[in-house]
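Subject: Structure for you to look at

Hello,

Here is the structure I promised to pass on. Please open it next to this email and follow along.

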Amino acid sequence: MDFTLLHLYPEAMSLYGEYANLSVLSRLLEDLGAEVTLRTVAGGEVPDFSGADLIYMGAGTERTQKAALSWLMPRQKALRQAEEEGALVFFTGNAMELLGTAITDKEGKRFEGLGFASFTTTETDKRVPHDIIARTDFLDTPLVGFMNKCSVTAGAAHPLCSAMDLGAGNEAEGGPEGFFHGNLLATHITGPVLVKNPAFLLFVAKRLYEAKGEAMPPLPAGRPWLDRAERAYQVTLTELSAQIKGT
Amino acid sequence: MRMTLAILLCKALRFAGKLVGKGSSLPGQFALKLCPDVLRRVKLPSYVIAVTGSNGKTSTVEMIASVLRAAGKDVVYNAEGSNQIEGVTTLILTHCTLGGRMKGDVLLLESDERYARYSFRWFHPTHFVITNLYRDQLTRNGHPEWVYDAILPALHPDTTLVLNADDPLVSCFAQGHDRIRWFGLESWSGATVEHQGIYHDGARCPACKGPMEYTLYHYNHIGHYHCPACGHHRHTPDFAATGLDLKEGILTLEGDTRLALSFRSIYNVYNILAAWSLCRLCGVEKDTIASVLGSYILKNGRMVTFTLGRHHGVLLTSKHENSVAYDTNLRYIRDTERPCTVLVMVDAISRKYFTGETSWLWDIDFDLINVSHVERVVLCGKYVHDLALRFDFSAIPQEKITCYSSIPEAVQALAQEGEEDLYVVTCFSDRDKLLDKVQRTE
């Protein structure tokens, strides 16, 4: 099995170790016996989505995000077509906001989004970076991580996370977070969310196999890095859960 | 009248606070309640110097204070690091006469980059030194551009900005500002043509987001750059480090002044350069500055030597959530060239607030210590699994790595075996967990 992972604008849209999402995904797929090709697209370069199984973009500063939008906008139709043909579009941090219909910055300037989803985002002058615990309907264990945003996203009809046990969702404290519909998978969680959440990593890998009409092979035994990821997850979950009890 | 009362109250509370060991922000807080614009009313010294930036604030401020004192100036500065408005108010009012005139020739302030605009609402510095802006404590700070936007309103048009010319984001502060003096490092043997590091925050122009071009890099995104799209570029420094030999520990300033470096790190070079530039602007003679800064030993204890078992140890205090600080210390270890063990400890990510955030580990270039003289890497602390996972994706051979889930276990194991040099990389939040168990040496 061959997989091609496309990383959009890694130098620009990289607020906090986002590249590691692709490092662990590549390692997992290779451990499962697949051949993985990782392609990167530089800012301003015209991306070629053909053959891509996963198209990833991470978080950036507010200004870089607008630049990323301008780089991607001319390829909006091609990206939509790739998604409809089965490529998983995985956008994290404020890259998620690009998928909606518009982003309004804190000066009130409106930027048209890619329009793949009906939500809109408004940036504010308040930023409260915080740790998060988020529940989903498709994983047995919650997601853990960190969110670093200054915006509110309204009207995300298909959230990725049904509720937050710690931290703010798209619109409100405790509320639903992210977006997951068809092959669009998005969360505002910043940084290497797949590193911190091995169950989510396995979920993404499974989706990639399913998109090719195959079942994900069973994990071979003796993957110490995955064991470490699981233990790291447990420590973080314990630590963050203590924060909920403490408040 | 209100001002005098506020000064009196502040002095009294500070006196009482010192007796019971209380911090320095409370007296200022009360004084501000009594007289909110007290800082506008008081008469400040002719030099009001502020220093801000992600890294090097404390060291730079210490150096400036030492030089200016050596030059015979009476310097008042916030040595306790109370760098928000309440602490600044306490500092100023406790040094004021009841008539509202501040004693001293120089008021020197280390300023928190996020709160500078509040501190400087009522008065403005004559000189504002901005050292650098990097990814630092993003769980509080958001990101460097967010910090940039927070500092911007604190910059008064009458203030002389003393800027790091080699930092492309810091250089943006010059846009629309008339009074600028630049400091920078010229080419040296350690500068590289290619970017070094895990991430490249200088890859895009901070002004227009076009692709940035560099002729050389000093470290991370610090170097000589220009943007072909909008023209944003490094300015020729008014105060330049014209020669640097980190191996020999020699720094040459403005072509004619040589300094011996007590700590041979590029970081230290920039701190010295910032302090040098500011002191020159205050009219201090080159010789006077050089005699103080030459072999200047930092008093902030970021580098501590000790023995543990038969190991000779050096603690290099980094800051968790600050990959540049880590990279700098890892580079220092790489350049030592003597057989050693490296101990990395991540137990409490911050001493000031809670976070379980470990993304920053992925921004650190641990491959810097993938060298033969680093014989062992010991990882420990509550977040040891996050650390170990990060090392799974480094080039360092797994057989070199040992993990302990607590710091005491790691310390005990090291005490019992080996006699190679030991370098410890950790944060203020965790270092006492080691220092309590070792024999410190001078």
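What percentage of the 442 residues of chain B count as buried? The figure is 51%. Keep in mind that this is a predicted model.

**Chain B overall**

Chain B has 15 helices and 18 strands. Its radius of gyration is 22 Å, close to the 22 Å that the globule rule gives for 442 residues, so chain B is as compact as a globular protein of that length. Along the principal axes, its C-alpha atoms fill a box of roughly 70 × 55 × 40 Å. Now look at contacts in chain B between residues at least 6 apart in sequence. Of these, 73% join residues at least 24 apart.

**One helix in chain B**

Find helix 11 of chain B, residues 286–293. Ile289(B), Val292(B) and Leu293(B) are buried there. Look down the axis of helix 11 of chain B: its buried residues fall within an arc of 90°, so they line one face of the helix. What do they pack against? The partners are helix 4 (57–70), strand 11 (257–260) and helix 10 (266–281) of chain B.

**Chain A overall**

Chain A has 6 helices and 14 strands. A compact globule with 247 residues would have a radius of gyration near 18 Å. Chain A has 17 Å, which agrees. The box filled by its C-alpha atoms is roughly 55 × 50 × 30 Å, again along the principal axes. Buried residues make up 50% of chain A. Among contacts in chain A with a separation of 6 or more, 70% are between residues 24 or more positions apart.

**The sheet in chain A**

Chain A holds an open sheet of 6 strands. The order is 2-1-3-4-13-12, and the pairing is mixed. Strand 2 (35–41) and strand 12 (179–181) of chain A are the edge strands, and each pairs on one side only. From one strand to the next, the twist averages 15°. As background, strands of a sheet pair through backbone hydrogen bonds, either parallel or antiparallel.

Take one pair as an example. Strand 4 (residues 88–92) and strand 13 (residues 184–187) of chain A run parallel, joined by 4 bridges. Phe91(A) has Ala186(A) as its bridge partner in strand 13 of chain A. Helix 5 (residues 198–211) of chain A lies across strand 1 (2–8), strand 3 (54–57) and strand 4 of chain A. Helix 5 runs at about 155° to strand 4 of chain A.

Next, go to Glu18(A). It is in the loop between strand 1 and helix 1 (19–31) of chain A. Is Glu18(A) buried or exposed? Glu18(A) has 29 C-beta neighbours inside 10 Å, and the cut-off for buried is 20 or more, so Glu18(A) counts as buried. Leaving out residues up to four places away in sequence, Glu18(A) touches Gly58(A), Ala59(A), Thr92(A), Gly191(A) and Pro192(A). Glu18(A) and Phe91(A) are 73 residues apart along the chain, and their C-alpha atoms are separated by 11 Å.

**Where the chains meet**

The contact takes 29 residues from chain B and 32 residues from chain A. On the side of chain B that touches chain A, helix 7 (138–141), helix 8 (144–151) and helix 13 (384–392) of chain B each supply at least two residues. Helix 13 of chain B gives the largest share, 5 residues. The residues on this side of chain B divide into 12 nonpolar, 8 polar and 9 charged.

Best wishes

Technical notes: Residues are numbered from 1 along each chain as its sequence is written. Chains are lettered from A and ligands numbered from 1 in the order in which they are written. This is a predicted model: local features need pLDDT of at least 70, side-chain atom pairs count only at pLDDT 80 or more; totals for chains, interfaces and linings use all residues. The radius of gyration is taken over C-alpha atoms; the globule rule is 2.2 Å times the number of residues to the power 0.38. A residue is buried if 20 or more other C-beta atoms lie within 10 Å of its own, exposed if 12 or fewer, and partly exposed in between; C-beta atoms are placed from the backbone. Two residues are in contact if their C-beta atoms, placed from the backbone, lie within 7 Å. Two strands pair if DSSP finds at least two bridges between them. Axes are lines fitted to C-alpha atoms, for helices over the stretch in contact, and angles run from 0 to 180 degrees between N-to-C directions. Ala, Val, Leu, Ile, Met, Phe, Trp, Tyr, Cys and Pro count as nonpolar, Asp, Glu, Lys and Arg as charged, and the others, Gly among them, as polar. The arc is that of the directions from the helix axis to the C-beta atoms.
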